[in-house]
Amino acid sequence: MESDQLRIGTAEREEAARLLADHFGMGRITPDEYETRVTDAYAATTLGDLRPLFHDLPQPHPGFFGPPLTPMYAAPPPMPLPMSTPMSMSVPLPVPYAPPMPVPYSYRSRTVAGVLQIVLPFGVGRFYTGQIGLGFLMLFVCLVTGGLGMIWPIIDGVMLLAKGGLDAEGRPLRP
């Protein structure tokens, strides 16, 4: 049995009507042609009944028609590139992202924050940087441990002086 004699169902008729509506929307067929072709599409019973409805229209055609026929004079498909190329012929790939923008410095100083942590060792330097929660935690630890917890703010002050830190907005403290 030839493919044009195969019977079609409602799904194929609806796909043909939808594609005809797309062609009508692009201005390829007039309203009268569209009405006639859609009526013929819903009345079709075989593939051979639907093919003439698309013979003068460019793609898209219904998928159940199969692959489009290529004319004899069509250009051959391009040859695939070899997987490995010499280094002199390699093409640089585009960068998929922009380089990160530099983060602006905070208007607070790491030197001031570090000295405050060492001189007043109960979280004052962290209050200065805007990290209120961490400052209260250091103050709480110092009060609960009876002063033994002051070692934490002192070490934190030394670290701020040596490596710097971040303020509450995540910006690096200025030197």
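1. A residue is called buried below 20% relative accessible area, exposed over 50% and partly exposed in between (1.4 Å probe, protein chains only). By that criterion, 25% of the 175 residues of the protein chain are buried. The model is a predicted one, in which local features need pLDDT of at least 70, side-chain atom pairs count only at pLDDT 80 or more, and totals for chains, interfaces and linings use all residues. Numbering starts from 1 along each chain as its sequence is written, and side-chain values use heavy atoms, with hydrogens and water left out.

2. The protein chain has seven helices and zero strands, giving the pattern α-α-α-α-α-α-α along the sequence. Helices here are DSSP runs (H or I, at least four residues; strands are E, at least two), numbered from the N terminus.

3. Contact means heavy atoms within 4.5 Å. Among contacts in the protein chain with a separation of 6 or more, 60% join residues 24 or more positions apart.

4. Helix H1 (residues 10-25) and helix H2 (residues 31-43) have axes that come within 9 Å and cross at roughly 170°. The axes are lines fitted to C-alpha atoms, for helices over the stretch in contact, and angles run from 0 to 180 degrees between N-to-C directions. H1 is therefore roughly antiparallel to H2, on a scale where angles under 35 degrees are roughly parallel, over 145 roughly antiparallel, 65 to 115 roughly perpendicular and the rest oblique. H1 contributes Arg13, Glu14, Ala16, Ala17, Leu20, Ala21 and Phe24 to the contact, and H2 contributes Pro31, Tyr34, Arg37, Val38, Ala41 and Tyr42. The classes are 10 nonpolar, no polar and three charged residues. Nonpolar covers Ala, Val, Leu, Ile, Met, Phe, Trp, Tyr, Cys and Pro; charged covers Asp, Glu, Lys and Arg; the others, Gly among them, are polar.

5. For helix H4 (residues 110-119) and helix H7 (residues 151-163), the axes come within 7 Å and cross at roughly 160°. The two helices are therefore roughly antiparallel to each other. On the H4 side the contact includes Arg110, Thr111 and Gln117, and on the H7 side Pro153, Asp156 and Leu160 are among the residues involved. Nine nonpolar, four polar and three charged residues make up the contact of H4 with H7.

6. H7 also meets helix H6 (residues 132-144), with axes that come within 9 Å and cross at roughly 140°. H6 is therefore oblique to H7. The contact joins Leu134, Leu137, Met138, Val141 and Cys142 of H6 to Trp152, Pro153 and Asp156 of H7. Seven of these residues are nonpolar, none is polar and one is charged.

7. Arg126 belongs to helix H5 (residues 124-129). Its relative accessibility is 9%, so Arg126 counts as buried. Beyond residues up to four places away in sequence, Arg126 touches Gln117, Gln131, Ile132, Leu134, Gly135, Met138, Asp156, Leu160 and Leu166.

8. His61 sits in the loop between helix H3 (47-54) and H4. With 24% relative accessibility, His61 is partly exposed. Apart from neighbours within four places in sequence, His61 contacts Leu19 and Phe54.
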